[in-house]
Amino acid sequence: MFANRGYWKNTGVHKYSLGASIPQILLQLRSEYILIFILGLCVSLFILKRSGNSHLPYVLAGFDILVFVLAVVSDKIVLFNKISRLSNYLVILCLGVSIIVFFCNYNLLNKDEFWISLFLVLNAFASIIPYIVVSPFGPRSMLCFYILMVIFSFYLVAISNSLTRKCFIILISCMAFLYGSFILFKANQINVAKTRNSALIEYQVKNKTYIANNNRFYYVQIPNTDMWWNPRLQTHDDPIISYYKIPNTTVGKLVPWYEVKNISSNQGELLFKKAKKLVK
């Protein structure tokens, strides 16, 4: 990313700017309050199991539950703007407090446990450090952070003797399989949409359908934009217009991908007829 020359030019697409993405990073962390809630509970469980009768884990768990409730309320009831703003800061604070409380109790860890924990946490935060000075930034940029935080949470449960090593491995494996399946499912949707989009564009260019169709040009909408990034509108993508020599006077119209997913990509005419029927 840092080697990409596009980031060294202020093109309006990529840019370096100190603090440019900090608000987006904080907002994305706030939106993952369920993950942060689970992490806080795992830290509380670990300290409770290792320290005995300490009041600290109960205080931390109570704070964690309060933040979780406020985050849920602010998500569901948009009229409570003050609660929404408050929960934004509290979720970030909850994450920081959970991490600090855990490492302040390093005496409860043996040497190997300490270094493994530190490795997971530092790598998680290191994965989002570049985005402090680089934009664009989106949910996909947080993927590594989320995975490492989930592994860290499971690891705390495992070393607190609440899970056997076998159960820990099974949990991680199940998480990887389920999340991997989810990602592949969404990636397949993108692939289907892109192949149909290419076929539809090529048919319209070859037959110049836009001339007899009031200058309308149809594109298949590409779903799951949080997994890929395009700075341009899907109805006016300059590289596509330039490559296919599509007249700039055409008016782009988006066709929902799921409406044409069952039409083969080699049936350009059928794709066009369907698009024309769906989008006026």
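**Exercise 1.** Find how much space lies in the largest cavity of this predicted model, and work out which elements give two or more residues to its lining.

*Solution.* 
Step 1. The largest cavity holds about 30 Å³ of space. Counting cavities of 30 Å³ or more gives one.
Step 2. Now pick out the lining: Tyr33, Ile36, Phe37, Asp64, Val67, Phe68, Val91 and Cys94.
Step 3. Sort the lining by class: seven residues are nonpolar, none is polar and one is charged.

**Exercise 2.** Work out how many salt bridges there are, and describe the one that Glu113 forms.

*Solution.* 
Step 1. Begin with the idea behind the search: side chains of opposite charge can pair when their charged atoms come close.
Step 2. The count comes to two salt bridges.
Step 3. In one of them, Glu113 pairs with Arg50, and the closest N and O atoms are 3.0 Å apart. Glu113 belongs to helix 5 (residues 111-126) and Arg50 to helix 2, so this pair ties together parts that are 63 residues apart in sequence.
Step 4. Check how open each partner is. Glu113 has a relative accessible area of 11%, which makes this residue buried, while Arg50, at 28%, is partly exposed.

**Exercise 3.** Look at the salt bridge between Lys273 and Glu269. How many residues apart are Lys273 and Glu269 in helix 10?

*Solution.* 
Step 1. Start with the contact: the closest N and O atoms of Lys273 and Glu269 are 3.4 Å apart.
Step 2. Both residues sit in helix 10 (residues 268-278), four residues apart, so about one helical turn separates them.

**Exercise 4.** How many disulfides does a search of the whole structure find? Then decide whether Cys104 is buried or exposed.

*Solution.* 
Step 1. Recall what to look for: a disulfide is a covalent bond between the sulfur atoms of two cysteines.
Step 2. Searching the whole structure turns up zero disulfides.
Step 3. Turn to Cys104, whose relative accessible area is 53%. Exposed means over 50%, so Cys104 is exposed.
Step 4. For Cys174 the relative accessible area is 40%, and this cysteine is partly exposed.

Terms used:
Residues are numbered from 1 along each chain as its sequence is written. This is a predicted model: local features need pLDDT of at least 70, side-chain atom pairs count only at pLDDT 80 or more; totals for chains, interfaces and linings use all residues. Side-chain values use heavy atoms; hydrogens and water are left out. On a 1 Å grid over the protein atoms alone, a cavity is a set of points where a 1.4 Å probe fits but cannot get out, and a pocket is an open set with protein on both sides within 12 Å along at least five of seven lines; lining residues have an atom within 4 Å of a point. Grid points are joined across faces, edges and corners, and a volume is the space filled by probe spheres set on the points. Ala, Val, Leu, Ile, Met, Phe, Trp, Tyr, Cys and Pro count as nonpolar, Asp, Glu, Lys and Arg as charged, and the others, Gly among them, as polar. A salt bridge is a side-chain nitrogen of Lys or Arg within 4 Å of a carboxyl oxygen of Asp or Glu. Buried means under 20% relative accessible area, exposed over 50%, partly exposed in between (1.4 Å probe, protein chains only). A disulfide is a pair of cysteine sulfur atoms within 2.5 Å.
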